[in-house]
Amino acid sequence: MTPQPPPEPRNADGETRRVGVEIEFAGLPPHRTAELVQTLFGGDIEVLSPHRLKVVGGRWGDFGIELDTQYAHPDQEVMAAEDAIDSEWERMRRDFHARTRELIGDMVTGLVPTEIVCPPVPWDELDELDALFEALRQHGAKGSDASLLYGFGLHLNPEVPSLEVESLLAYLRAYMLSAAWLREQIHVDITREVLPHANPFPRAYALKILDPDYAPDLETLIADYLADNPTRNRELDMLPLFAHLAPDFPHELLQNRLVKARPTFHYRLPNAQLSEPGWGAVTEWNRWLEVERLAATPETLAERSAQFLARHRPSAPRRLLIRLRRWISTR
């Protein structure tokens, strides 16, 4: 399958936009996965801890491979703090901590997924990355539909074409209007629907940002998003992008170490469909482009926004009643 071109193929610096890809699966431990990545894309394997590895210096950059649970890996803050005190007791503590985390990793291997975090890949080379998904299938990796216990996903991190607020708002609006279609196309796995990893946006937030009079600056856009979405678990997670754009914004979520600041959207909705021949990053990229095409056509975006508001916004009397109830509740 060939990756289709986005309406805006280059970033704000005129370079080809890149896409980060993350995939979760069972059936293949991190060491074996790292060897597979090395075989496909070159580079050297670095063992950071028993269940966390990197393949460095290969095609496109570094691949991260690990068991997807923090409890299988040494806590870096603990290890750094112990490094500052050079005593036999602290070295014993450090060794005990590392060995305990290694044991936990050994015990949960096969129960928690292995995760690959790929380096950013130019959008027009995503079909070459798909060799990884075919290799995972051939070597026994299991995706979302292999078990009711597997809520595994594939995440895309498309680089934004522009950092201007108007552009970001257009993409957010386009996503709100495309989300139902994407869910139908993907057939989101029932386990992933139940788990809170890729929840839909609340209706109130959609109504807010689709209003034609909504024209926020960056600070207001971020504040409004956080007020209605105080979580990392949205199908289109904007926190990494907002952390990149406003690193000093006063909200604990944007300071969370699990939020990796970067100039990308963090699209979390797709399943990990490893049992489906031909499925891979290109499949989900081509679906994602429904959002990009809508964001790039202002007239259509405004028309569909108006239709959404007409269907879902309360009538004027209903809005007045809601405001009256809120006023009474504050008295």
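**Figure 1. Y267 and W288 are both buried residues.** In this predicted model, the rings of Y267 and W288 form a tilted aromatic pair, with 5.1 Å from centre to centre and 40 degrees between the planes. Because Y267 belongs to strand β9 (residues 266-267) and W288 to helix α10, the pair ties together parts that lie 21 residues apart in sequence.

**Figure 2. Y175 and W288 form a tilted aromatic pair, one of the 13 aromatic pairs that a search of the whole structure finds.** The ring centres of Y175 and W288 are 6.4 Å apart, and the angle between the planes is 35 degrees. Y175 is part of helix α5 (residues 165-186), whereas W288 is part of helix α10 (residues 281-295), so this contact ties together parts that are 113 residues apart in sequence. Y175 has a relative accessibility of 0% and therefore counts as buried. The value for W288 is 0% as well, and W288 likewise counts as buried.

**Figure 3. Ring pairs join nine named residues into an aromatic cluster: Y171, Y175, F201, Y205, Y225, F242, F265, Y267 and W288.**

**Figure 4. L148, I190 and V194 form a nonpolar patch on the surface.** Together, the three residues have about 360 Å² of accessible area.

Figure 5. Most residues other than glycine have a negative phi. H187 is located in the loop between α5 and α6. The relative accessible area of H187 is 61%, so H187 is exposed.

**Figure 6. W60 is a residue other than glycine with a positive phi, about 75 degrees.** The loop that holds W60 runs between strands β3 (52-58) and β4 (61-67).

**Figure 7. G27 is found in the loop between β1 (18-25) and α1 (30-41).** With a relative accessibility of 53%, G27 counts as exposed. The C-alpha atom of G27 is separated by 9.8 Å from that of V112, a residue 85 positions away along the chain.

Note on methods:
Residues numbered from 1 in each chain as written. Predicted model: local features only at pLDDT ≥ 70, side-chain atom pairs only at ≥ 80, totals over all residues. Heavy atoms only, no water. Patch = residues over 30% accessible without salt bridge, like charges linked within 9 Å, V, L, I, M, F, W, Y side chains within 5 Å. Areas by Shrake-Rupley, 256 points an atom, 1.4 Å probe, with all protein chains shown as cover. Salt bridge = Lys/Arg side-chain N within 4 Å of Asp/Glu carboxyl O. Phe/Tyr/Trp six-rings, centres within 6.5 Å; stacked < 30°, edge-to-face > 60°. Helix = DSSP H or I, 4+ residues; strand = E, 2+ residues; numbered from the N terminus. Buried < 20%, exposed > 50% of the residue type's maximum accessible area, 1.4 Å probe, protein only.
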